[in-house]
Amino acid sequence: MRLHRRLVLAGLAGFAVPARAEEPIRLGLLRTLSPAPLYLAQERGYFAAEGAPVVFRFFEAAQPIAAAAVSGDIDVGITALTGGFFALAGKGTLKVIGGGLHEQKGFDLTAVLVSRKAYDAGLTSLEKLGGHSFGITQFGSSFHYMIGRLAEAKGFELKSMSLRPLQQIGNMLAAVRSGQVDATMAIASQAKPAAASGEAVIIGWVGDHVPYQITALFAATPMIAKREAALRGLARAYQRGVADYRAAFLAPVKGPATAAAIADITKYVFTGDPAAAQKITEGIGWYDEGGALDVADVKAQLAWFQAQDMVKGPIDPAEIIDTRFLPTR
Amino acid sequence: MTLGLRADGVSHRYGAVTALEGVSLDIPAGETTVIVGPSGCGKSTLLGILGGLLRPSAGEVTVEGSAPEACLNRLTYVFQDFALLPWRTVAGNVALVLEPHGLSRAAREARIAEVLAMTGLSEFADAWPRQLSGGMRQRVGIARALAVRPAVLLMDEPLSALDAQTRELLLDEVWATVVWVTHNLAEAVRLGERIVVMSRRPGRIRAVLRRGEAAASEAGLWAMIRDEAADAARELAHG
Amino acid sequence: MRRGNWRMAEPVPFRARGFVARERGWAAAVTLLAVLAVWQIGAELRWFSVAFLSTPAAIARALWHLVISGELGRDLGASLGRLLGGWLGGTLAGLVAGLAIGLFSTLRNPGMAVVSALFPIPKIALVPLFIIWFGIGEGSKLVTVGFGVFFPMAISTIAAVDAVPRNLIRMGQSFGLSQAAVVWRIVLPGALPALLSAMRITAATAIILLVAAEMIGAENGIGAFVLRAGNLYDIDALMAGIAVLSLIGLAAARLIGLAERALLKWR
């Protein structure tokens with residue numbers, strides 16, 4: 001009986017493997033500007049060309065992307081490295097395989113935004129953030145991590161701050177503009193208009209003080225185990241997308257490559273927006289060459305979340321990072 | 001020295017149904033007037049109008065005479081469905097109607113004890129209404145009405161729960177004007193000083209009989225009411 | 001077969017069996033304990049993965065850590081304050097509005113129109129708006145809970161007032177009770193059972209809305225704790241928080257049960 005069942009299972013697996021190789025890889029992402037290299041790779045047919053056809057599965061928030069990989073609804077994803085992400089990865093269900101968006105010195109990506117009221121009352125530099133209220137999306141989010149690392153770098157006490165989880169980026173902006181919180185963080189494309197309106201003031205950029213691998217490409221463990229060849233194809237296509245992205249936006253000179261990339265990106269975000277080109281060039285973030293992963297920083301992030309007791313239990317960083325697919329920084 | 005009632009051309013309509021039509025009636029002070037008639041003839045409606053709980057569609061009711069000083073509620077009802085508050089004990093239900101009148105606590109308790117004794121409920125002062133039989137609940141309703149020393153007692157079938165002796169004893173002790181709606185013809189003859197016989201719907205006064213008149217017998221009343229019921233059936237048949 | 005047998009003599013069988021609600025309190029406790037035991041044993045025997053479903057022992061452990069670290073006390077204190085304040089405010093306001101609408105016919109149609117229009121709005125959707133109106137602090141949280149409690153309470157109060165038998169009110173009037181006395185001595189006590197039932201439901205509503213209210217801008221509180229644990233996929237802590245919410249619900253139901261027993265002796 002037992003033998004019989006095993007045979008059946010083996011038979012099923014035998015049929016399943018070739019069938020799945022034909023299946024497109026389901027890739028989870030947010031419909032924002034941050035995964036732009038993936039838009040380029042898809043629009044330019046790199047995934048198909050590398051034998052790893054991809055379908056995008058768009059999500060409303062970063063957190064469910066990792067959860068969807070655990071539940072088997074997507075195979076690969078690009079998302080922020082949050083406390084929740086590390087907790088799921090620590091259970092052996094996900095592995096980080098490559099780098100995404102990265103904070104870079106001199107490359108203004110995430111601003112620290114202070115309400116006009118707090119600024120006038122003397123909150124004029126990052127060192128003075130201690131003791132103030134600070135809007136984040138959720139506990140364990142990238143914003144929580146960034147303010148934590150900023151506290152270490154600038155020598156103020158994170159514990160002295162009152163962190164306000166506001167769930168959505170829109171709420172964070174609204175709260176700082178109306179003075180409900182003293183400070184928050186926002187990406188350049190949102191921080192600059194807020195500062196221009198005079199309701200808030202930018203007192204610094206995160207990337208100038210804290211190196212930070214904001215987002216990363218990850219794969220569900222079964223994907224790595226069973227479809228390694230397809231994943232390698234996906235990694236190659238991703239690298240071509242990143243190369244195009246860097247040539248279009250991160251090179252000192254903007255040229256026809258920039259316009260072409262904007263045309264492809266607007267198929268996903270800012271569709272039909274007359275100011276799309278400006279919004280994209282202002283909001284663009286840093287990607288390391290070759291989609292490289294900042295392994296040291298990922299380890300530092302994990303260590304920080306563990307030190308804060310937000311990620312529990314011993315997790316071996318080697319167990320949650322797989323560097324066989326993409327280069328490291 | 002008590003009150004009498006006079007109805008002048010009282011009619012009442014519920015939507016399209018005329019329950020009473022042109023009822024004029026004298027209820028002399030101090031007498032017991034019994035109202036009888038076929039089912040649905042508007043007896044209870046008339047009682048409601050007499051006590052000011054229903055507004056007549058036409059006509060009016062006047063109250064005449066003067067109420068004794070001890071009277072706390074001139075026109076007092078005893079309800080057919082008892083209308084007891086289930087969240088108050090027997091004593092509490094009686095107390096309810098004394099509370100607005102600023103009696104001292106002692107006076108109030110004395111009066112409650114008195115009316116409970118009159119209705120044979122002394123042992124049940126602390127019982128909840130749900131613990132009582134239907135007949136005992138009726139007695140609570142009577143006790144409550146007596147507690148306010150009514151000038152006019154308007155009773156809708158309230159005495160059926162009392163045994164015959166208590167009934168007569170009670171009516172002897174109550175020195176108020178009594179208007180009593182009943183189906184019990186034998187009692188109507190025995191207890192009523194005046195008997196008002198109503199016609200079938202729309203209710204009109206068919207006869208007003210005094211005690212001792214030839215027609216004021218059980219058989220006489222029965223004949224009149226049976227006639228009315230037969231007429232109603234004939235109307236339905238030939239409709 | 002036995003027809004015509006005039007001399008038969010046998011006991012009359014008792015036939016009115018069953019269909020009686022009988023309380024067996026221990027059965028409830030045993031059932032819950034059995035569920036917990038099966039859950040724990042299932043986990044020990046690896047019937048299912050414990051990665052994303054904690055065990056009762058792990059939850060108890062997480063709960064114990066929360067107790068000794070003082071975190072539970074802090075969160076519970078903050079939440080109970082919001083729960084009690086919001087619930088009391090919403091309940092009282094709902095009671096007053098419901099009584100006014102139920103008693104005064106001039107208010108009935110306008111009042112019902114407003115209440116019926118606002119009742120079905122998911123209060124959770126209003127949380128961001130409440131934050132702008134009432135601030136990010138305790139104000140918006142109390143209003144979220146209170147607003148959510150207000151509508152079911154007002155609607156139940158209107159229905160409860162309507163359900164007070166009219167003959168009792170007429171009786172009071174026939175004995176010359178003032179309007180105030182009729183409301184205070186007849187309408188309110190008559191509506192009380194329905195009002196207490198409504199409070200059972202609004203207590204549960206208040207707990208749901210507490211979690212929603214603590215989603216935004218709350219540094220502490222059981223709702224905030226549960227959301228934080230959810231964000232961090234800290235399954236043990238998440239389920240410990242849910243257990244605490246459930247216990248708050250049970251405690252609220254128990255308190256209302258005690259109030260019912262004390263106030264509705266007459267039933």
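## Helices along chain C

A helix here is a DSSP run of H or I with at least four residues, numbered from the N terminus. This is a predicted model. Read along its sequence, chain C gives the pattern α-α-α-α-α-α-α-α-α-α. That makes 10 helices and 0 strands.

How does the spread of chain C compare with a compact globule? Its radius of gyration is 25 Å. The globule rule gives 18 Å for 267 residues. The value for chain C is well over that, so the chain is more spread out than a compact globule. Along the principal axes, its C-alpha trace spans about 75 × 65 × 30 Å.

Of the 267 residues in chain C, 40% are buried. Now take the contacts in chain C with a separation of 6 or more. Residues 24 or more positions apart account for 71% of them.

## A helix in chain A

Helix α4 of chain A covers residues 63-71. Which of its residues are buried? They are A:Q63, A:I65, A:A66, A:A68 and A:A69. An α-helix has 3.6 residues a turn, so residues three or four places apart point the same way.

What comes after α4(A)? The helix is followed by A:G72. The phi of A:G72 is positive, near 90°.

How values were computed: Residues are numbered from 1 along each chain as its sequence is written. Chains are lettered from A and ligands numbered from 1 in the order in which they are written. This is a predicted model: local features need pLDDT of at least 70, side-chain atom pairs count only at pLDDT 80 or more; totals for chains, interfaces and linings use all residues. Side-chain values use heavy atoms; hydrogens and water are left out. Helices (H or I, at least four residues) and strands (E, at least two) are DSSP runs, numbered from the N terminus. The radius of gyration is taken over C-alpha atoms; the globule rule is 2.2 Å times the number of residues to the power 0.38. Buried means under 20% relative accessible area, exposed over 50%, partly exposed in between (1.4 Å probe, protein chains only). Contact means heavy atoms within 4.5 Å.
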